[in-house]
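Here are my notes on the side-chain contacts, as numbered points. Have the coordinates open while you read.

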Amino acid sequence: MTLKKVNPDLEKERSTCTFNIEELTNLLDTGAHCTAERRAVEDKVFSVKELKDEIPDEFLSHKERYENAIRKSVFLHKVLQETGVKRGVYNRSDKSDFRTTYYSIFKDGSPFMLQYSMFVPTILGQGDSEQVELWYKRALNMEIIGTYAQTELGHGTFIRGLETEAVYDEKTEEFILNSPSLSSYKWWPGGLGHTTNYCIVMAQLKIKGKPYGMQPFIVQIRDEETHMPLPGVKVGEIGAKLAFNTVNNGFLGFEHVRIPRRHMLMRFSQVSKDGKFTSSANPKLAYGTMVMVRVTIVNSAATYLSRAVTIAIRYSAVRHQSKLKQNEPEPQILDYVTQQHKLFIGIATSHAYMFCSYWLWDVYVMYQKEQNVGNFDRLPELHALACCLKVISSSDCTGLVEKCRMSCGGHGFMMSSNLPQLYGISTATCTYEGENTVMLLQTARALVKAWELGSRGRPFSPTMSYFAEKNVPSKWDSSLEGILNAFQKVSIGKLSSSVSSLQEYTKSGLSAEDAWNKASVQLIGAAEAWGRAVVLSIYKSEIERYGQTVSPALKSVLFDLVELYYVHLTLEKMGDLLLYTQLSEKDVVSLRKKYEDLLEKIRPNAIGLVDAFDYRDEVLNSTLGSYDGFAYERLMTEAMKSPLNAEPVNQSFHKYIKPLMKGKL
Ligand SMILES: CCCCCCCCCCCCCCCC(=O)SCCNC(=O)CCNC(=O)[C@H](O)C(C)(C)COP(=O)(O)OP(=O)(O)OC[C@H]1O[C@@H](n2cnc3c(N)ncnc32)[C@H](O)[C@@H]1OP(=O)(O)O
Ligand SMILES: Cc1cc2nc3c(=O)[nH]c(=O)nc-3n(C[C@H](O)[C@H](O)[C@H](O)COP(=O)(O)OP(=O)(O)OC[C@H]3O[C@@H](n4cnc5c(N)ncnc54)[C@H](O)[C@@H]3O)c2cc1C
């Protein structure tokens with residue numbers, strides 16, 4: 001098949017774009033130099049022929065897929081090392097720390113994923129300087145390959161309930177690691193099955209029979225030469241999953257495995273040779289890696305969505321179906337306003353969480369600096385923000401990735417569209433690093449505490465400062481500021497009524513725990529409402545800030561998206577707003593009109609906006625979303641790679657179907 005350069009539909013779409021695409025790309029990449037650096041790495045990575053798949057992954061067996069993923073992980077490691085990219089050190093965005101590039105090579109994840117995303121960061125975050133010196137170098141050179149083993153068969157959420165023990169033996173100056181039951185087996189860690197030879201094990205520390213809570217230990221589990229499991233180590237893979245099938249998630253049990261004392265990571269808590277425990281300044285510092293990963297998930301979620309929406313919008317521009325007007329040709333499906341309604345919010349939501357993720361990252365970095373000098377004041381607010389934004393970004397983006405998949409009709413169901421895989425890796429973010437409901441309850445705990453302290457005159461932290469405002473009824477105002485105020489009212493209303501319920505339940509004789517459980521549906525609602533108010537506020541203020549430096553054309557488009565996001569959310573959350581604000585039917589009617597006008601206004605820029613995410617075809621990995629828009633040709637080319645198409649008649653015909661047809665079974 002000879003292809004024209006670009007599908008004429010996309011050519012036409014690109015000609016209607018009103019802003020400079022490169023300018024937006026630079027903004028989303030957090031700077032022109034970041035775009036240039038990213039592209040240079042991509043050029044290098046995508047030119048390596050060993051990193052290309054001859055046969056699509058989905059046609060391989062589970063074992064072959066794993067082996068192929070290992071092969072590519074090794075080549076990719078080499079290439080990234082040559083480019084000087086530092087792995088295991090997070091940046092503000094998935095794109096700038098090259099996770100997007102890295103994981104484009106694997107549609108379903110790399111078995112080295114946890115090495116970079118949690119093993120190395122835990123060494124850096126939890127090890128003392130001597131330990132960092134020793135382990136970080138070895139990990140960076142891939143002399144050791146590790147993972148983060150916390151979750152067990154019996155407990156993932158309730159960390160205090162973990163059963164793996166690390167008992168200190170002061171005679172030999174060693175810890176003895178033991179898994180006392182089946183439920184204490186580690187279960188889930190990425191790469192643990194057959195890839196890693198070391199891991200961070202989160203275990204209950206015991207000294208002379210006394211428990212000292214969960215601590216991180218660095219444990220060798222396989223021989224560095226033969227890769228055989230060490231004596232007393234039971235390790236394997238947990239099996240097939242909804243996604244991440246090439247990540248090699250594993251299980252792990254210990255039978256009295258001894259490790260040296262200095263294999264406990266001792267930046268915050270220490271055990272001396274004679275078994276004296278020195279506790280950290282704040283016991284929650286051992287949970288530090290989780291806070292960091294939750295912060296980064298906000299950006300990952302936005303990135304997955306931006307990839308899905310690029311695929312769906314490009315496809316919607318080249319797909320023609322049905323009739324809008326009888327005497328005219330079939331329109332592009334993107335001309336259906338219902339299609340715009342499904343997809344444009346995906347662009348705006350991706351922007352909202354991307355800009356919030358940069359802001360949250362900066363808050364995290366600020367906290368890190370303060371933590372280094374022993375100041376933990378910001379931690380409770382950071383923990384609440386990381387939990388809550390992780391939840392709403394992962395759930396919103398996953399919902400919208402699925403919407404993108406469905407908006408492509410039947411073809412969105414094809415693995416070659418890459419939309420099913422994107423859904424798989426996106427929905428995992430709702431579970432890993434803290435299950436979403438549990439994370440909302442953590443957020444609610446912080447909010448209720450702040451509310452109660454506030455009622456006794458203590459000041460609120462910055463993202464909760466609006467709690468201090470009196471909830472005076474005021475006329476509905478459809479400006480951005482007005483809508484933001486309205487969402488803050490919803491947040492205050494939900495929190496105050498959750499607190500009232502808690503008080504009523506305890507007054508009626510329930511214990512504090514039972515009252516909490518009974519009110520928990522309200523509490524997660526209050527937590528979500530706070531998260532919404534934070535995102536609305538940060539998205540708006542960040543765009544106002546960038547708006548001062550970008551061109552007027554780009555500024556106008558950025559604000560179209562902010563408005564779309566605000567109005568869409570107002571219409572989605574109408575019930576809450578009717579309850580807690582003065583929103584009227586008349587206001588809703590005018591907001592609906594505003595929404596329809598915004599879809600119309602954004603329509604000519606739709607392709608420009610997704611082009612600005614600047615995903616190369618190799619990153620999108622999709623028959624439907626390529627830059628040139630030749631979706632049908634690519635679908636057919638990929639279909640021809642099915643092993644079944646290698647022969648005109650499959651042997652099963654002669655073996656089974658023909659006898660059936662001839663009545664000779
Ligand atoms: C193609 C493919 C591309 C892919 C490219 C992807 C690249 C990116 C890959 C990422 C890959 C990750 C892969 C998954 C890796 C796992 O999933 S690792 C396992 C993660 N596990 C979890 O997150 C477990 C969730 N559970 C928890 O965090 C805790 O147990 C809970 C729920 C917070 C409860 O803990 P608890 O000790 O019982 O605490 P609790 O009594 O509720 O609270 C005590 C106090 O501590 C505070 N607190 C609790 N936690 C914290 C904290 N973390 N910090 C500060 N304070 C805290 C509370 O606020 C509370 O404060 P006060 O109210 O008393 O003032
Ligand atoms: C793809 C993937 C990769 C992972 N990678 C790793 C890894 O590398 N390392 C690692 O250590 N772990 C990993 N995990 C494990 C992950 O962190 C846990 O699965 C997660 O923290 C949820 O814990 P759980 O499975 O125990 O769920 P559960 O806590 O059993 O949740 C089940 C249900 O119970 C509810 N529930 C639980 N507690 C409460 C409560 N207090 N209040 C109200 N409702 C509650 C939840 O809301 C949920 O609906 C991974 C998981 C996945 C899916």
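1. The aromatic count comes to 18 pairs, where rings of Phe, Tyr and Trp (its six-membered ring) pair if their centres lie within 6.5 Å, with planes under 30 degrees apart called stacked, over 60 edge-to-face and the rest tilted. One of them is Y102 with Y116: the centres are 5.3 Å apart and the planes at 80°, so this pair is edge-to-face. It links distant parts of the chain, with Y102 in helix α5 (residues 99-104) and Y116 in helix α6 (residues 113-126), 14 residues apart; helices here are DSSP runs (H or I, at least four residues) numbered from the N terminus.

2. This is a predicted model, with local features needing pLDDT of at least 70 and side-chain atom pairs pLDDT 80 or more, while totals for chains, interfaces and linings use all residues. Side-chain values use heavy atoms, without hydrogens and water, and residues are numbered from 1 along each chain as its sequence is written.

3. Y102 is buried at 3% relative accessibility, and Y116 is buried at 9% (buried means under 20% relative accessible area, exposed over 50%, partly exposed in between; 1.4 Å probe, protein chains only). Ring pairs join Y102, Y103, F106 and Y116 into a cluster.

4. What about charges over rings? The charged end of R14 sits over the ring of Y627, 3.6 Å from its centre (NZ of Lys or CZ of Arg within 6 Å of the ring centre and within 35 degrees of the ring normal). R545 lies over the face of Y546, 4.9 Å from the ring centre.

5. How many disulfides turn up? The search of the whole structure finds 0, taking a disulfide as a pair of cysteine sulfur atoms within 2.5 Å. For C388, the closest cysteine sulfur is in C387 at 8.3 Å, too far for a bond.

Notes:
Chains lettered and ligands numbered in written order. Helix = DSSP H or I, 4+ residues; strand = E, 2+ residues; numbered from the N terminus.
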